[in-house]
Amino acid sequence: MVNQALCEAGLLPAFSKDEDSEWARVMARPPLAIRARALGETVDRYDFGRALYHLAKRRQFAGRELDESDTSPAENADEKTAKSGREDTLRTLRTSGQTLGQMLAAKPAHERSRGVHAIRTTVIDEFERLWTAQAQHQPGLDNTLKAHIADLIFAQKPVFWRKSTLGACRLMPGEELAPKGSWLSQQRRMLEKLNNLEIASGNRRPLDDEERAAILAKLQTQASMSWSAARKALAPLYAARGEVGVEQKIRFNLELGGEAKLLGNPLEAKLAAIFGEGWADHIHKQGIREAVHRRLWSADYAEVGNRVVILSATDRAARRDGAAASLIRDFDATEAEAQALADLKLPTGWEPFSTKALQAILPRLQAGDRFGALMISPDCAAWREATFPDRDRPTGQVLDRLPSPARKKLVNGNGWDTEEQDRIKAIRNPTVARTQNELRKVVNNLIDAFGKPDLIRIELARDVGLSKREREEKQAGIRKNEKRRADARKDLEANGLLEPSPRDITKWVLWKEGRERCPYTGDPISFASLFGPANSFDIEHIWPRGRSLDDSQGNKTLCRNDVNIAKGNRTPFEFFQNRPEEWTAVKRRLDEMTAGKGSAGFPRGKVRRFVAETMPDDFAARQLVDTGYAARQAVGLLKRLWPDVGEANVAADFGIEAELRRRRVLPVNGKVTAHLRKLWGLNGILSDDGEKTRADHRHHAIDALVVACAHPGVTERLAQYWQLKDDRRAEAPALPPPWPSVRRDAERAVAAIVVSHRVRKKVSGPLHEETIRGDTGIDVREGKQTFRLVVSRKPVEALTKAMLASDEAIVDPEVRRTIRRWVADHGGDPKKAFAEYPKVKGGTPIKRVRVRERRQTRLMAPVANGWADAAGNHHVAIWRDAAGKVSSEAVSLLEASRRLSSRLPVVRRVDPRGDFVMSLVPGDTLRIADGERAGFWTVQGVWAAGPIIITRSTDATGTTVFRPTAGSLLAMGARKVSVDPIGRVRASND
């Protein structure tokens with residue numbers, strides 16, 4: 001579209017695939033040189049068009065139109081590098097006054113696009129400057145054409161979400177949820193925290209009315225308040241009471257709980273700053289508070305049916321100008337005040353309660369009531385009944401099985417029951433929704449087989465609900481840790497420790513992490529002093545296990561034995577707090593031992609934990625109850641198997657033990673089960689080194705056994721176990737397994753497990769690759785196959801040795817000869833030859849080349865201007881004729897989609913090649929009865945050439961991959977079987 005618009009404006013010739021066309025010659029002109037030149041001199045119209053076309057191809061990173069979350073997502077290493085690069089580029093451009101094109105044109109050719117990161121606004125700025133410079137000399141470059149070209153180059157597709165995913169207010173069903181950026185929401189959050197504030201030093205007590213008022217007077221117009229500022233706010237009050245200086249000794253419960261500061265009302269703080277001294281008595285104060293978020297939100301978003309759409313930057317700017325004008329008109333704001341209000345950036349997201357509900361709650365919060373008490377305390381039951389008479393109430397509903405999202409007719413036959421469907425749709429995270437569907441299948445199968453359980457304990461996988469990138473980052477961290485431990489084993493064996501234990505390996509990792517020094521004393525740690533028979537250093541827990549329940553790598557370091565004994569059940573700060581000089585030396589030492597970029601050392605998170613002056617009071621308690629989104633959704637679903645009892649049975653206190661006692665579904669934290677699994681000797685069931693392995697899917701079954709045995713009493717005994725074990729002077733009690741033969745029984749049960757995999761029969765997903773390949777119209781016959789020659793552009797780094805050797809692969813003969821010479825002169829390996837780019841005559845660097853490739857058209861999708869590779873195969877169908885000859889056909893997802901749309905069977909069972917044997921899709925299970933391959937195998941994929949990729953059904957890492965043909969599979973006696981969600985094997989219908 002950009003090319004067409006530029007052509008219609010006379011800024012480019014008509015597009016042509018012909019290599020000798022005028023369009024090809026214009027595209028061969030160096031765009032960066034033109035971009036730099038066009039700012040200061042008149043250039044040819046086609047040169048100007050070439051520069052604009054290049055901007056469209058290199059329009060750089062735009063970022064999010066608006067941030068749709070309260071917190072920025074975690075950045076991986078690549079994202080951090082790119083972000084740093086963008087900041088460096090912006091600094092360079094500001095300092096030099098150059099455009100991005102000028103900066104890149106000044107670089108050596110091989111460096112221009114390597115390691116250069118920029119943002120969309122730099123390209124937009126260059127577009128504006130280029131157009132302004134050329135419009136003075138080129139006819140027809142008016143503002144209408146400029147706006148049209150700019151919109152084609154820079155406009156983004158509108159981003160939207162569905163309102164149905166926001167949830168619903170349980171206090172006032174049907175009312176719209178309150179936005180988190182509103183004054184009302186921020187006031188509620190501030191008062192909730194303030195009303196929970198207690199003085200923890202001495203005799204713990206809530207704030208009295210005067211103390212609360214003193215802090216609130218300062219906090220109301222601040223985004224947040226440090227704890228020292230909170231103490232300072234109390235100073236005049238205590239002075240008036242004759243208690244001068246007592247505030248300095250105060251510690252607050254939230255402060256000791258690890259919260260960095262006291263939350264204020266950020267919007268109120270911004271309003272006070274905008275209106276200055278006049279804000280306190282402003283006649284329209286409450287009107288402005290209520291209007292500002294609503295008007296700014298309406299400027300940034302539009303509602304289209306059930307969708308909320310983020311408007312373009314241009315529309316947002318215009319609407320915000322309109323919002324500023326309305327604030328002047330309605331609230332007598334000055335132009336400066338109105339513009340400052342229109343420029344505000346407010347938090348995104350939504351409260352779980354409606355605006356009307358918060359308006360009813362706010363007076364009680366202002367009076368000092370605690371939010372938790374208002375929601376569930378029996379003392380507030382009458383107020384809840386009077387204020388929210390239509391709130392969601394206990395239904396008394398008891399389900400025998402978890403409900404299916406499949407639609408079903410209502411009992412009276414009038415309409416359809418879509419309650420569960422609607423609930424699943426309202427879950428905002430698709431991974432969580434899929435997890436719930438799989439959970440439903442497992443639980444319902446267990447109920448059918450064994451009846452409804454009396455109690456459910458659930459440990460959710462720690463990556464449930466994470467994004468794909470976050471899960472990949474987590475897996476990368478696990479792989480990195482496994483490699484580090486493998487290196488440790490190898491080094492220990494090389495140094496004479498022939499069978500290192502898991503503890504030895506952990507000690508080695510911590511030894512290298514701490515740069516072979518003790519962080520407590522600074523003593524160097526030799527190999528003999530750590531691993532020898534008279535070792536003087538050992539593993540130490542930064543926060544005592546008996547208090548934190550944390551046995552993770554992030555809570556471990558090495559320590560000299562005598563110091564470890566003296567430290568006992570204290571944190572490092574508690575141990576050194578009366579010896580300030582030693583504590584200062586420890587912190588200085590930790591700074592030296594902190595890991596830098598690419599260097600070994602303590603992770604920064606571990607250093608922060610080491611120097612923390614307090615350990616959160618509820619840190620250990622938080623290990624018991626997983627309050628994450630995925631956990632809440634799963635627990636809520638499972639609780640539907642028992643009566644919805646409501647508020648009457650909620651304990652008057654809100655402690656964790658009371659909560660655990662009253663619940664039928666108990667989430668168990670993974671840290672607790674990891675400790676128990678290790679203590680009971682269950683890690684070695686699937687591994688030879690006594691450590692847990694994730695290479696075998698059955699490790700989840702072992703976890704489930706431990707979770708079932710992890711009742712709250714075990715956690716208390718676990719804390720006692722570590723408290724004594726960390727004290728080297730005490731005799732550590734054993735925490736016995738739940739029954740004596742648990743290891744033997746578990747081994748026998750695990751050996752009988754058949755792993756169930758999700759079978760992917762659904763015809764969905766991308767039908768073809770995004771890369772479009774040009775059609776040459778030439779067919780090549782090779783044996784019984786006919787191939788079509790197609791053309792695509794590839795980066796030179798992606799060329800293979802086969803492509804370089806073929807005379808038909810690289811289209812341009814001059815380019816082909818140049819690249820062959822270049823690769824030969826740079827070692828012969830195309831993957832390593834392009835630290836710099838080769839050049840053709842005239843000095844133009846070769847970065848991408850047109851390449852011919854052979855493709856079977858039946859495996860490709862015809863598109864408007866060529867062909868695209870099919871995205872993948874949906875299934876393989878297998879037939880066998882009367883003579884025993886086996887035939888198979890790999891059916892692409894594209895072909896399966898065509899059959900489905902034509903109302904044909906997706907799997908073709910009737911075929912002249914023989915009798916249908918079976919079809920296989922990813923996730924299907926095969927059983928091989930005899931021979932070295934005997935056992936259960938899972939289909940991972942199908943190749944068009946014939947091989948079927950399978951792995952052992954227990955294999956979680958792909959180490960047992962096997963690629964038989966359909967014929968060899970049948971020769972081995974493979975049979976397709978069905979494995980239900982709880983591992984029961986049945987004959988397949990095929």
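Glu516 is found in the loop between α23 (502-513) and α24 (527-531), where helices (H or I, at least four residues) and strands (E, at least two) are DSSP runs numbered from the N terminus. The model is predicted, so that local features need pLDDT of at least 70 and side-chain atom pairs count only at pLDDT 80 or more, while totals for chains, interfaces and linings use all residues. Residues are numbered from 1 along each chain as its sequence is written, and side-chain values use heavy atoms, with hydrogens and water left out.

The phi of Glu516 is near 60°, a positive value in a residue other than glycine. Most residues other than glycine have a negative phi. With a relative accessible area of 30%, Glu516 is partly exposed; buried means under 20% relative accessible area, exposed over 50%, and partly exposed in between (1.4 Å probe, protein chains only). Arg903, which is not a glycine, also has a positive phi of about 60°. Arg903 is placed in the loop between α39 (893-901) and β23 (915-920) and counts as exposed, at 78% relative accessibility.

Helix α28 (residues 580-593) has 14 residues, which at 1.5 Å a residue should span 20 Å, and its end C-alpha atoms are 20 Å apart, in agreement; the expected span is 1.5 Å times one less than the number of residues. The buried residues of α28 are Trp583, Val586, Arg589, Leu590 and Met593. Seen down the axis of α28, these residues fall within an arc of 120°, so they line one face of the helix; the arc is that of the directions from the helix axis to the C-beta atoms. The face turned away from the buried side of α28 carries the exposed residues Pro580, Glu581 and Asp591.

In helix α36 (residues 742-751), the residues Val742, Ala746 and Val750 are buried. They cover an arc of only 60° around the axis, which puts them on the same side of α36. Arg744, Arg748 and Ala751 are exposed on the other side of α36. An α-helix has 3.6 residues a turn, so residues three or four places apart point the same way.

The structure holds 58 salt bridges, each defined as a side-chain nitrogen of Lys or Arg within 4 Å of a carboxyl oxygen of Asp or Glu. One of them joins Arg289 and Glu268, with the closest N and O atoms 2.8 Å apart. This pair links distant parts of the chain, as Arg289 lies in helix α14 (residues 285-300) and Glu268 in helix α13 (residues 266-275), 21 residues apart. Arg289 is buried at 12% relative accessibility, and Glu268 is buried at 2%.

Asp538 and Arg503 also meet in a salt bridge (2.9 Å, N to O). Asp538 lies in strand β13 (residues 537-541) and Arg503 in helix α23, so the pair ties together parts that are 35 residues apart in sequence. Asp538 is buried, with a relative accessible area of 9%, whereas Arg503 is partly exposed, at 44%.

Cys559 is in no disulfide, and the nearest cysteine sulfur, that of Cys518, is 4.7 Å away. Cys559 is buried, with a relative accessible area of 0%.

Technical notes:
Disulfide = S-S within 2.5 Å.
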